[in-house]
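Me: I have a structure open and want to go through some of its side chains. Can you take my questions one at a time?

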Amino acid sequence: KLFLMLTELLNLSRILTELFKLSLMDTELLKLSLILTELLKLSLIDTELLKLSLIDTELLRLSLMLTELLKLSLIDTELLRLSLMLTELLKLSLLLTELLKLSLMLTELLKLSLLHTELLQLSLINN
């Protein structure tokens, strides 16, 4: 009878050993599950970082567009300045045209004066 009891105890001991092994395996699985949970958290953080990187890329693209717009604005400002200069040159050209007209009138007056002088000379000679 003792032998049967010892055999039974041995069997129970084997079962208990197997249960301990299963418990150890369960503990290892829990550890792995915790590691997996941490990896998932890191993956979520990585996803958020990628989203931020995409936002940053978009901001850089918009910044480049803004830089191009500022360049165009500077070119536009320069064109306006040149247009103002051209307007001033046109005003000066109009003034020059008026001066040329006056010069032509003066030339005509000088011609008339020369004619008048010649007539006076002829008149003096005839008298």
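Me: Is Lys71 buried, partly exposed or exposed?
Reply: Lys71 is partly exposed, at 45% relative accessibility. Buried means under 20% relative accessible area, exposed means over 50%, and partly exposed is in between, with a 1.4 Å probe and protein chains only.

Me: What sort of model is this, and how are things counted?
Reply: This is a predicted model, where local features need pLDDT of at least 70, side-chain atom pairs count only at pLDDT 80 or more, and totals for chains, interfaces and linings use all residues. Residues are numbered from 1 along each chain as its sequence is written, and side-chain values use heavy atoms, with hydrogens and water left out.

Me: Back to Lys71. Which side chain does it meet in a salt bridge?
Reply: That of Glu68, at 3.4 Å from N to O. A salt bridge here is a side-chain nitrogen of Lys or Arg within 4 Å of a carboxyl oxygen of Asp or Glu.

Me: Where do Lys71 and Glu68 sit relative to each other?
Reply: They are three residues apart in helix H1, so about one helical turn separates them. Helices are DSSP runs of H or I with at least four residues, numbered from the N terminus. Glu68 is partly exposed too, with a relative accessible area of 44%.

Me: Why would such side chains pair at all?
Reply: Side chains of opposite charge can pair when their charged atoms come close.

Me: How many salt bridges are there in the whole structure?
Reply: A search of the whole structure gives ten.

Me: Which residue does Arg61 bridge to?
Reply: Glu58, with the closest N and O atoms 2.5 Å apart. Arg61 and Glu58 are both in helix H1, three residues apart, about one turn of the helix. Arg61 has 42% relative accessibility and counts as partly exposed, while Glu58 is partly exposed at 35%.

Me: And Glu48, what does it pair with?
Reply: Glu48 forms a salt bridge with Lys51, where the closest N and O atoms are 3.4 Å apart. Helix H1 covers residues 2–126, and because Glu48 and Lys51 are three residues apart in it, about one helical turn lies between them. Glu48 is partly exposed at 41% relative accessibility, and Lys51 is partly exposed with a relative accessible area of 45%.

Me: Different topic. Where is Lys101?
Reply: In helix H1. Lys101 is partly exposed, with a relative accessible area of 47%.

Me: What separates the C-alpha atoms of Lys101 and Leu74?
Reply: A distance of 41 Å, with the two residues 27 apart along the chain.

Terms used: Helices (H or I, at least four residues) and strands (E, at least two) are DSSP runs, numbered from the N terminus.
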